[in-house]
Amino acid sequence: MRVKTIHLIHHSHLDVGYTELPGKILHRHIGFIRQALRIAQNHADFKWVVDTFWPLEEFLHQASALEKERLATAIRQGQIDVSANYLNFTENLGYSALRNVTQRSVEFGSSIGVDFKHAMTADINGHSLAFAQALADRGIQYLFSCIHTHHGMFPLFRCQTPFYWELPQGEQILVWNGEHYFLGNSLGLMPQAAYLRPQRYLVNDDFQVGEDELTIAERRLPRYLDHLESSGYPYDFVPLMVSGLITDNAPPNVQILSLIKKWNQKHGDKVRLVLLNLSDFFQRLDQEAASIPVYRGVWPDWWSDGFLGDPAGVRIFRMAQRHYHRFEKLARHHPEIQQAPLTEVVQLLALYAEHTFGHSDTLTYPSHWMVHATAIHKQHYAVNAMECIETITDQALEQLGARPYTSERSVRYELLNPHDHEYAGLATLYLENIDLDLFELHQGLNVMDCDSGAVLPHQQRSSTRGQELCISVVLAPGERQKLELVPVSQDAAVSFLTSSPIRGVDRVEDISINHSLSIEENCLNTPWVHIAWSQKQGIHTWKDLKNDLDLLRTDRKHAAFTPIYERSPCTDTREERRQIGRNRKRENVQRSVGLWQAVLGSEVGEVFAKVVLAYQLPGTESCVIELVAYRDRPQVDVTLLVHKTSCKDAENLYLSMPFGLPDRHELWLDTSVHPFRPWKDQIPGSLTDFFTVHEGVALCSENYGIAVATRDSGVMQLGDLQHKPRILAGMPALEHETGHLYAWLMTNYWETNFPVNLAGFHQFQYSVMWGEAYQDPKVALQQCQDVNEGIYCYLI
């Protein structure tokens with residue numbers, strides 16, 4: 001069908017930190033709202049969309065009563081429209097925070113008598129299920145998505161098409177799967193469109209510098225409409241986003257009204273331009289509801305890999321978000337707590353999870369102060385969120401009996417399970433170095449249950465400014481348990497003779513009398529698992545001893561928890577990286593597989609056995625894998641400690657996780673609301689290479705499962721690592737892919753705003769668990785969440 005009406009939707013795209021410092025960008029967007037209000041007062045036909053709610057929320061904090069009333073009037077009259085989306089998010093933000101920030105826009109609408117039913121996103125190449133669920137749960141029925149195919153792609157194998165996105169519980173959101181948010185500008189439909197570089201970004205034709213916008217539109221718009229018609233576009237209307245300038249963080253532009261008038265006077269009998277808001281557009285789209293298809297599944301975001309340029313910030317963000325979730329559970333169990341509002345925590349988490357990863361010229365000017373300032377500012381959101389939730393938690397725990405930090409020292413603790421189910425796992429008692437002096441005259445300490453008087457097995461490990469005492473506990477929902485550190489009795493601590501059945505006169509204890517935990521040169525054993533490694537193969541055996549079951553794939557490409565480093569040499573820093581496209585690496589990629597070199601250390605205690613394996617890996621000064629296997633349960637904690645060197649070439653760092661089961665099984669990933677099966681539970685045409693997970697992954701068969709908790713980094717690569725044409729969901733070729741699993745830890749391939757320098761000391765921790773209980777993916781992923789969140793432990 002030939003398009004007869006162009007629906008122009010005028011908005012200002014928000015990129016926090018992409019063009020300026022975040023505070024300056026916020027100030028500008030608040031100014032844009034004031035500009036739009038002035039324009040609307042003088043032009044009744046002017047319409048403009050606030051595309052994210054955050055600037056409007058901040059405007060309301062500053063605005064006068066008169067400005068607030070003018071804003072409410074303009075919204076009611078449809079001159080200013082408001083997207084219920086708080087920010088343009090990646091998939092890192094969890095459901096609880098998303099629900100919170102979405103509620104803010106809905107409540108504002110209610111306060112002025114407007115029922116917000118729609119949201120828009122721009123510069124986003126996918127959306128999490130948590131985001132969609134938060135929209136649906138707050139009554140948002142429509143989503144306008146402006147896809148940016150730079151290193152990304154639209155779903156459904158085409159754009160400018162609607163679909164109903166059906167969520168796991170049956171709710172549906174009507175989505176317009178749209179074009180780039182500057183396409184209207186590129187087609188000449190906004191004054192001041194004639195800039196050379198941006199005009200050739202989205203459209204490739206004989207554009208001439210100096211042409212006026214109407215001339216550009218007269219040439220380009222018919223060509224675009226021909227393209228729609230030839231591709232089978234079914235409607236006689238089409239929406240196009242336009243911005244006041246062809247740049248991010250652009251102001252509103254009243255001159256669009258005169259351009260629309262000129263076009264319609266000259267060409268309106270054939271194709272008419274109409275300035276609409278989102279509400280107007282979706283009212284028109286609703287008339288086509290009967291012909292709109294329904295799709296169910298996840299819609300992975302192509303740009304969620306941006307956070308892999310900031311592994312330290314991501315680790316702090318994930319910890320802060322996890323502590324926020326744990327505190328919500330504590331507050332539900334203890335409504336008597338007088339707590340500070342969590343609004344600031346949510347705000348900081350949301351700002352870190354916003355889709356902009358740094359300044360637009362991060363790669364071109366990596367030493368510029370602005371590049372450094374925006375990167376530090378981004379990290380501050382995560383750090384401040386962590387500090388904020390920790391302060392709120394401390395205040396709440398003191399109300400429950402936690403001891404304030406005073407000069408009177410205590411070694412009595414209380415454990416508290418905030419979960420609504422039984423917790424079985426590790427608890428850590430932190431003991432400052434100054435408190436170790438309380439036991440210096442004794443031969444060690446014991447952990448005693450205050451109620452029963454029983455001494456609990458424990459094991460010490462070093463920590464910042466102190467020691468952690470690790471114990472295994474089982475606590476009912478909401479249960480609290482009191483513990484005390486007591487000196488080891490003199491009779492038990494001192495032996496008259498220096499030698500014993502496990503120790504010689506040299507005081508070295510290297511005789512094993514307890515075979516349940518043991519470490520040898522090339523293997524580790526517990527009652528639950530046998531793990532073996534070699535220089536040629538790395539970790540080649542991971543055997544469930546209870547079920548006599550090998551948990552590693554026989555067709556694996558790399559050994560378990562082997563680090564893999566990729567380097568794509570680049571000379572022209574921007575152009576060569578632009579040509580990377582959707583591969584995340586160049587064809588000339590140099591791939592290095594970590595080689596196990598030696599055992600750096602080992603420890604066997606009452607709670608766990610620990611071994612430290614050194615690897616040789618290019619791109620690093622040091623690379624170490626720590627394995628901690630527990631005595632009382634089938635669980636191994638794996639930590640990668642890497643000292644990354646600096647390199648300006650495009651880099652990637654992966655960690656192999658080749659787990660598998662002999663029986664037919666399926667891979668499940670966590671989204672913070674509903675688990676899903678990659679490659680199966682996806683919208684057609686969506687990304688299949690990597691996925692953002694919150695708590696972990698699970699491999700589940702009919703009667704067995706493996707769970708891997710992903711604590712510090714949440715991007716999982718699925719498939720081999722080769723540079724090749726990418727395969728999207730629904731393509732027949734996907735059936736022939738093998739689905740090898742990797743954790744994707746770092747990258748800096750992007751030519752604009754990814755952090756360039758990955759150098760530094762980084763840590764990535766995972767927990768592997770297995771057994772019959774994990775055949776249910778919900779149980780397996782719940783266990784991942786429990787391991788990641790832990791319980792509360794505080795001094796009393």
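A salt bridge is a side-chain nitrogen of Lys or Arg within 4 Å of a carboxyl oxygen of Asp or Glu. This is a predicted model: local features need pLDDT of at least 70, side-chain atom pairs count only at pLDDT 80 or more, and totals for chains, interfaces and linings use all residues. Residues are numbered from 1 along each chain as its sequence is written, and side-chain values use heavy atoms, without hydrogens or water.

Start at Glu91. Glu91 sits in the loop between strand E3 (80-82) and helix H4 (95-111); helices (H or I, at least four residues) and strands (E, at least two) are DSSP runs, numbered from the N terminus. Glu91 is buried but has no salt bridge. Buried means under 20% relative accessible area (1.4 Å probe, protein chains only). The nearest side chain of opposite charge, Arg584, is 10 Å away; Lys and Arg count as positive, Asp and Glu as negative, and His and the chain ends are not counted. The Glu91 side chain does reach the backbone nitrogen of Asp301, at 3.0 Å.

Now the sheet. Five strands form an open sheet in the order E14-E13-E17-E11-E37, with antiparallel pairing. Strands pair if DSSP finds at least two bridges between them. Strands E14 (455-456) and E37 (792-795) are the edges, each pairing on one side only. Strand E11 (residues 412-416) is joined to E37 by 4 bridges. Tyr413 has Leu795 as its bridge partner in E37.

Leu400 lies in the loop between helix H13 (369-399) and E11. Leu400 is buried, at 10% relative accessible area. Beyond four places in sequence, its contacts (heavy atoms within 4.5 Å) include Glu414, Leu416 and Tyr794.

Conventions:
Buried < 20%, exposed > 50% of the residue type's maximum accessible area, 1.4 Å probe, protein only. Polar contact = N/O pair within 3.5 Å; in protein donor to acceptor, adjacent residues only side chain to side chain.
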